[in-house]
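Biologist: I've got a fold open on my screen and would like to talk it through. Could you take my questions one at a time?

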Amino acid sequence: MRIEDFYDAAARSGFLVDAEVDGQTIAVDFRSPDESVLDGLALSTDYTMRFPASALPSLAAGDTVTISGSDYRVRDIRSIGDGSERRASLSRL
């Protein structure tokens with residue numbers, strides 16, 4: 001099974017959200033888990049999205065992504081596993 005097939009199936013099942021990048025909309029695995037920082041005095045949210053590398057081959061740090069009506073700036077992109085999937089770290093604008 002190709003990673004694109006996996007993402008297609010997950011999108012059809014409602015497990016993914018749409019992200020818009022430069023007028024292109026793709027289904028991504030978006031995460032925004034809260035993390036306790038400063039010894040529990042504050043919460044920090046680490047926004048990430050995972051996607052097939054072939055879906056956004058030119059996505060780069062500094063690009064803007066819109067997810068559920070909110071804009072995010074790409075901070076960093078890392079390949080996962082064999083490189084067919086990527087994870088982008090995001091900052092909310």
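Biologist: Is Ser 70 buried or exposed?
Modeller: Bear in mind that this is a predicted model, where local features need pLDDT of at least 70, side-chain atom pairs count only at pLDDT 80 or more, and totals for chains, interfaces and linings use all residues. Residues are numbered from 1 along each chain as its sequence is written, and side-chain values use heavy atoms, with hydrogens and water left out. Buried means under 20% relative accessible area, exposed over 50% and partly exposed in between, with a 1.4 Å probe and protein chains only. Ser 70 has a relative accessible area of 14%, so Ser 70 is buried.

Biologist: Which strand is Ser 70 found in?
Modeller: Strands here are DSSP runs of E with at least two residues, and helices are runs of H or I with at least four, numbered from the N terminus. The run covering residues 70-80 holds Ser 70, and that is strand 7.

Biologist: Which residues is Ser 70 in contact with, leaving aside neighbours within four places in sequence?
Modeller: Contact means heavy atoms within 4.5 Å. Val 65 has Ser 70 on its own contact list, along with others including Met 49 and Leu 59. With those sequence neighbours set aside, the partners of Ser 70 are Val 65 and Arg 92.

Biologist: In what order do the six strands of the closed barrel run?
Modeller: Two strands pair if DSSP finds at least two bridges between them. Strand 2 (residues 24-31) and strand 5 (residues 47-52), for instance, run antiparallel and are joined by three bridges, with Arg 31 opposite Thr 48. The barrel's pairing is antiparallel, and the order is 1-2-5-8-7-6.

Biologist: And at about what angle does helix 1 run to strand 5?
Modeller: Axes are lines fitted to C-alpha atoms, for helices over the stretch in contact, and angles run from 0 to 180 degrees between N-to-C directions. Helix 1 (residues 3-12) lies across strand 2, strand 5 and strand 8, and its angle to strand 5 is about 120°.
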